[in-house]
Amino acid sequence: MAVAIRLEPARFRTSGLATRGRLKAIRMMGLETFLKHFSKAARSIPDPIPPEPEAASIPAAPAPTEPAPAAHEAVSGEPVTLGETTWRQVLDPDWEARRQVLDWKGLPQVHDYVARLMTGRSTAERGLWLDWTLDRHLAPLRERLGRDLSLASFGCGPGGIEEAILRQGHWPLSKITLYEYDAALLADARRKIEPFKLESEFLAFDFNHPPPIDRSFDVVFFCHSLHHCADLERFLPFLNRIVSPDGLILGLDYFGPPRLQMDRDARRLADEIFGYLPAHLRRNLKAEQEDRIDARLTLPTIPAVASYDPSEAPRSADLRSMLFAAFDVVEVLPMGGTLLRNLLADRAGNFRSESDMAILDLTMMIERMAIETRLVASDDLYFVVKPTNRI
């Protein structure tokens with residue numbers, strides 16, 4: 001039996017229960033049919049406000065202590081100097097509060113969405129990447145080797161993720177080595193990790209000029225850092241040399257279009273969804289003028305991204321193809337962000353009421369279905385690969 005549905009913008013202003021009923025209808029219809037109905041609703045709506053010029057500023061990024069990055073990462077008006085990066089802003093006392101308002105990962109509901117998208121389990125069902133990695137990969141590796149593991153984390157930032165690995169993840173580690181370019185971030189990582197009762201080391205590191213390392217690690221780990229590498233031809237062979245023959249290279253990272261852009265299909269879906277959000281959910285919380293309602297979705301330009309952080313995603317699309325072509329792939333899982341990263345950038349704090357959260361659920365479902373049906377690729381990925389003889 002065919003299911004008919006019509007979703008005018010005004011109809012979004014309904015209870016969470018009513019919106020959840022529409023989610024059930026969408027499941028029955030399929031995403032493409034739903035999007036056709038989504039488009040039909042626009043025909044009875046007056047033309048939107050003329051497009052505004054692309055924004056030149058880049059909103060703040062999420063803290064590296066969370067399992068995924070925001071669309072518009074690392075903002076600073078100061079040039080990057082040797083030993084200092086724009087990520088140093090995460091040390092500001094108000095960083096976490098700003099992230100919760102401006103970034104898609106600032107919403108607790110998104111964490112459960114990412115877990116379900118990635119593993120099919122909720123965070124309560126050990127679907128979080130921390131738990132998944134331990135259960136599926138590290139515990140078996142420890143059993144095979146008969147000992148605790150050595151881990152190297154590259155681009156560790158202030159060490160928040162590594163602290164979570166030890167405190168919440170309970171990964172079976174005997175030694176952890178943290179590598180970071182920014183001296184202040186590395187110092188903060190040392191402060192977080194040294195209290196744990198395991199061997200630890202903290203070393204300066206540049207992705208594009210990796211120094212000789214005369215050791216190997218059981219696990220090499222990245223958390224939204226590998227996409228900052230520009231010289232992949234140099235770094236990937238280096239990476240292959242420092243992982244032990246029985247070891248694993250794993251992490252979560254951004255593999256989307258370079259310089260945090262959106263490809264044509266993803267942008268088309270995001271534009272359509274954004275146009276149907278109620279005005280209060282399109283309020284720009286980072287704009288200088290208070291209560292600015294964005295008429296259209298804008299992205300930072302390529303020059304704007306490069307000027308604020310020259311290391312930001314210079315070859316992220318190449319990374320996707322080169323990493324998985326060169327190394328032996330154990331597992332690659334989607335973590336989303338293709339639509340949500342930009343839809344919620346500078347607007348995450350607008351979602352407060354039950355009805356708002358129902359709209360968030362609907363938006364997350366659209367992204368999930370678009371990824372599962374391969375209408376768009378997942379920008380963020382969880383990956384596990386093994387060393388290779390191909391590079």
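**Buried and exposed sites around a mixed sheet**

The model is predicted, with local features requiring pLDDT of at least 70 and side-chain atom pairs pLDDT 80 or more, whereas totals for chains, interfaces and linings use all residues. Residues are numbered from 1 along each chain as its sequence is written, and side-chain values use heavy atoms, without hydrogens and water.

Histidine 170 is placed in the loop between helix 6 (160–167) and strand 2 (173–180), where helices (H or I, at least four residues) and strands (E, at least two) are DSSP runs numbered from the N terminus. Its phi is near 55°, a positive value in a residue other than glycine. Alanine 313, in the loop between helix 10 (302–308) and helix 11 (316–326), also has a positive phi, of about 45°, although it is not a glycine; at 0% relative accessibility, however, alanine 313 counts as buried.

Seven strands form an open sheet of mixed pairing in the order 3-2-1-4-5-9-8, two strands being paired if DSSP finds at least two bridges between them. From one strand to the next the twist averages 15° (axes fitted to C-alpha atoms, for helices over the stretch in contact; angles from 0 to 180 degrees between N-to-C directions). Strand 5 (residues 243–254) and strand 9 (residues 380–386) run antiparallel and are joined by six bridges, with aspartate 253 opposite leucine 381 of strand 9. Helix 8 (residues 232–242) packs on the sheet, where it touches strand 1 (149–154), strand 4 (217–223) and strand 5, and its direction makes about 135° with that of strand 5. Helix 11 lies across strand 5, strand 8 and strand 9, at about 30° to strand 9.

In helix 7 (residues 183–193), the buried residues are Leu185, Leu186, Asp188, Ala189, Lys192 and Ile193. Viewed down the axis of helix 7, these residues fall within an arc of 160° and so line one face of the helix (directions from the axis to the C-beta atoms), whereas Ala183 and Arg191 are exposed on the other side. The buried residues of helix 7 pack against helix 6, strand 2 and strand 3 (heavy atoms within 4.5 Å).

The largest nonpolar core comprises 65 residues, of which Trp129, Trp171, Leu173, Phe221, Leu250, Leu339 and Tyr382 touch the most other members (buried Ala, Val, Leu, Ile, Met, Phe, Trp, Tyr and Cys joined through side-chain atoms within 4.5 Å). Helix 13 (residues 354–372) supplies the largest share of this core, with eight residues. Apart from it lies another core, of 28 residues, including Phe205, Leu236, Ile249 and Val385.

Serine 378, in the loop between helix 13 and strand 9, counts as buried at 5% relative accessibility. A polar atom of its side chain lies 3.2 Å from the backbone nitrogen of methionine 335, and the side chain of serine 378 also reaches the backbone oxygen of aspartate 380 at 2.6 Å. Leaving aside neighbours within four places in sequence, serine 378 is in contact with Arg320, Pro334, Met335, Gly336, Thr338 and Ile371.

Note on methods:
Buried < 20%, exposed > 50% of the residue type's maximum accessible area, 1.4 Å probe, protein only. Polar contact = N/O pair within 3.5 Å; in protein donor to acceptor, adjacent residues only side chain to side chain.
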